[in-house]
Amino acid sequence: MKDSKVPLKIIALLADGSFHSGEHLGEYLGMSRAAINKHIQTIREWGLDVFTVPGKGYSLPAPIQLLDSKRILVQLADKRVTVLSVVDSTNQYLLDRITELQSGDACVAEYQQAGRGRRGRQWISPFGANLYLSMFWRLEQGPAAAMGLSLVIGIVMAEVLQRLGAEEVRVKWPNDLYLNDRKLAGILVELTGKTGDAAQLVMGAGINLAMRESNANAINQGWINLQEAGISIDRNELAATLLNELRQSLQQFEIDGLVPFISRWRALDNFIDRPVKLLIGEQQIFGIARGIDQQGALLLEQNGAIKPFIGGEISLRSAE
C-alpha cells in the first residue's frame, strides 16, 4: 500500500472546495510542485475528482465532509471504534484482528482499496463519498443464527437513515437497502465457526451518500445515492448513530432472536406484497413476497400457498 500521509494532508486542505495553488501546497508540505502533482494522481486513483486550472491550482468539485474521530467518539456510548482513512476493506481489517476482538468492536473508513460485496463482487468505494463500516460480533447461538442477524442489521440501518432524513429508505431481502427501487446500501456478513460452536461474525455495510457516476461504471445494477435524492446526512452523525443502534439491537437479537424484529421488517420491506422473482442458481421462481419468517427466510406466495426460501445463493429481483 502506498504511503497515504501526504495525499491525506492534501485532501484535508482541498476539502473546503476552494482552489489551492501548487505553490501554496508545496510550501505547506515542504515539497516541489511536481511532487504535489504526483500525490494528486494518487488522490484521483482513490476516486476523488481533482480539477486543475492553470493560474488557480487544484480544487475538488465541491466541499467534502471528512470523517472526524473526535466527532464520532463524543456521540458513542461505547467508544470502541477505529476511524481509518485508507484500508483494503473494513471487513478484512477486523478479520485480520479477529482473535483480539470483542462483540461491538468496529471500524469506519474513508476509502476501501479492495471493498467486497456479496458473492465475491467488488464494492466500489471512492474516497469520502460514502460510509464504509464494519463491526465484529460473537454469536453464541452459532452460525445458523447468522441469517437473522443480517436482517437485523438491515432493519437498524434503514431505521437510522429514516430518522436522519432519508424517510423513503426500505429493506430488500436478504441484505440490501433500497431507495426509489434502486440499491442504496449493501451488507456483507462474513463468519467463522463450526456447527455447535459460537459464530464469530464480521458485518460490513456500505452506504452510498454522494457517490459520483464516474466512480460507478463497474456496478451492474441500478443504484442511487442520498445526494442524488436531495438528502444530506452528516457522515459522522450517521456513523455514530449506526454503531450505537447496532450494538443495542444485536444484544436484543442475542436474547430474543428475530421475533421482535419481524414486524419492523414488514414496515420497511420494499417488496412486501409485490410480484417478485427469486433466483436460485439458474432457476427462477415467481410469486408474491409476503415478508419473512422467524428464521429469516423469505416467504413467497405461489398459487395461494406460502413457502419459505432461504440460502446464500438466493437473490431477489423485481419481476417487472
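View 1. Buried here means under 20% relative accessible area, with a 1.4 Å probe and protein chains only. Strands are DSSP runs of E with at least two residues, helices are runs of H or I with at least four, and both are numbered from the N terminus. The model is predicted: local features need pLDDT of at least 70, side-chain atom pairs count only at pLDDT 80 or more, and totals for chains, interfaces and linings use all residues. Residues are numbered from 1 along each chain as its sequence is written, and side-chain values use heavy atoms, leaving out hydrogens and water.

**View 2. The partners of β5.** Nine bridges link β5 to strand β9 (residues 199–207), and the two run antiparallel; strands pair if DSSP finds at least two bridges between them. Have a look at Tyr132, which stands opposite Gly206 in β9. β5 is also joined to β4 by four bridges, again in an antiparallel arrangement, with Val108 partnered by Leu133 of β5.

**View 3. Strand β4 and its neighbour β3.** Seven of the seven residues of β4 (residues 106–112) are buried, so β4 is largely enclosed by the rest of the structure. Strand β3 (residues 81–87) runs parallel to β4, with six bridges between them. Here Leu84 faces Ala109 of β4.

**View 4. Helices α6 and α7.** The axes of α6 (residues 146–163) and α7 (residues 235–256) come within 9 Å and cross at roughly 140°; these axes are lines fitted to C-alpha atoms over the stretch in contact, with angles from 0 to 180 degrees between N-to-C directions.

Technical notes. Buried < 20%, exposed > 50% of the residue type's maximum accessible area, 1.4 Å probe, protein only.
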